[in-house]
Amino acid sequence: MSRRFLFVLGSARAEGNTELLARRAAEQLPGDVEQRWIHLAEQPLPGFVDLRHDSDHVRPPSDTATGRLLDATLAATDIVIASPLYWYSVSSLTKTYLDHWSGWLRTPGVDFKATMAGRILWGVAALADEEPSVADPYVGTLNNSAAYLGMRFGGVLLGNGSKPGDVLKDTGALTRAKTFFAQDAPLARFPHRTA
């Protein structure tokens, strides 16, 4: 299977630091790797309603934002969550996207969990803090989501930046971006199951 990357941009700002860093990393992908970029702010998803026990689930129509994003997610071999660090985790736009995964798990004919198993989840984030450990909740959100679905996890590429364009001054992040998608992506594990 040839690789198909889906870049899910979760920033409220177009061409922000997170997107700039993600694009720098994507520039290193081979030319035959398909890339699809979706700005969640431009195609907002409806708020997620948990209907696990209340109703039947139906597949969202492909002509809706939810249906288009579901189709793009199912088609991807690699999903890149490119969300800035907002209050130490993913943005609200990104969290809504991940919440919709819960509904897709119960959508007849989708077999979301089995389809996602073995695929790779990556993260890219810009943060204003110099200390990378403040992003631990962000990394945990993505790692645990990948572990639940039996996905591989490539980690999170972190860069420093607050004002637009700041991340382009973070030479360490730009260096890491050159090899980020070439690194090994092991099977994700919940922290309490890694021992």
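This is a predicted model: local features need pLDDT of at least 70, side-chain atom pairs count only at pLDDT 80 or more; totals for chains, interfaces and linings use all residues.

Modeller: Let's start with helix α2, which gives the most to the lining of the largest cavity, with three residues. That lining is made up of Ile38, Leu40, Gln43, Leu45, Ala65, Arg68 and Leu69. Sorted by class, five of these are nonpolar, one is polar and one is charged. The space in the largest cavity comes to about 40 Å³, and the count of cavities of 30 Å³ or more is one.

Now for the packing of α2. This helix spans residues 65-75 and packs against α3, residues 92-104, at an angle of about 80°, with the axes 11 Å apart. Angles of 65 to 115 degrees count as roughly perpendicular, so α2 is roughly perpendicular to α3. On the α2 side the contact is made by Thr66, Leu69, Leu70 and Thr73, and on the α3 side by Tyr97, His100, Trp101 and Trp104. The contact has five nonpolar and three polar residues, with no charged ones.

As for open space, the largest pocket holds about 330 Å³. Its lining has 18 residues, with Pro84, Leu85, Tyr86, Ala126 and Gly161 nearest the centre. Here α1 has the largest share, three residues, and both α1 (17-26) and β4 (120-127) supply at least two. By class, the pocket lining divides into nine nonpolar, six polar and three charged residues.

Key:
Residues are numbered from 1 along each chain as its sequence is written. Side-chain values use heavy atoms; hydrogens and water are left out. Axes are lines fitted to C-alpha atoms, for helices over the stretch in contact, and angles run from 0 to 180 degrees between N-to-C directions. Helices (H or I, at least four residues) and strands (E, at least two) are DSSP runs, numbered from the N terminus. Angles under 35 degrees count as roughly parallel, over 145 as roughly antiparallel, 65 to 115 as roughly perpendicular and the rest as oblique. Contact means heavy atoms within 4.5 Å. Ala, Val, Leu, Ile, Met, Phe, Trp, Tyr, Cys and Pro count as nonpolar, Asp, Glu, Lys and Arg as charged, and the others, Gly among them, as polar. On a 1 Å grid over the protein atoms alone, a cavity is a set of points where a 1.4 Å probe fits but cannot get out, and a pocket is an open set with protein on both sides within 12 Å along at least five of seven lines; lining residues have an atom within 4 Å of a point. Grid points are joined across faces, edges and corners, and a volume is the space filled by probe spheres set on the points.
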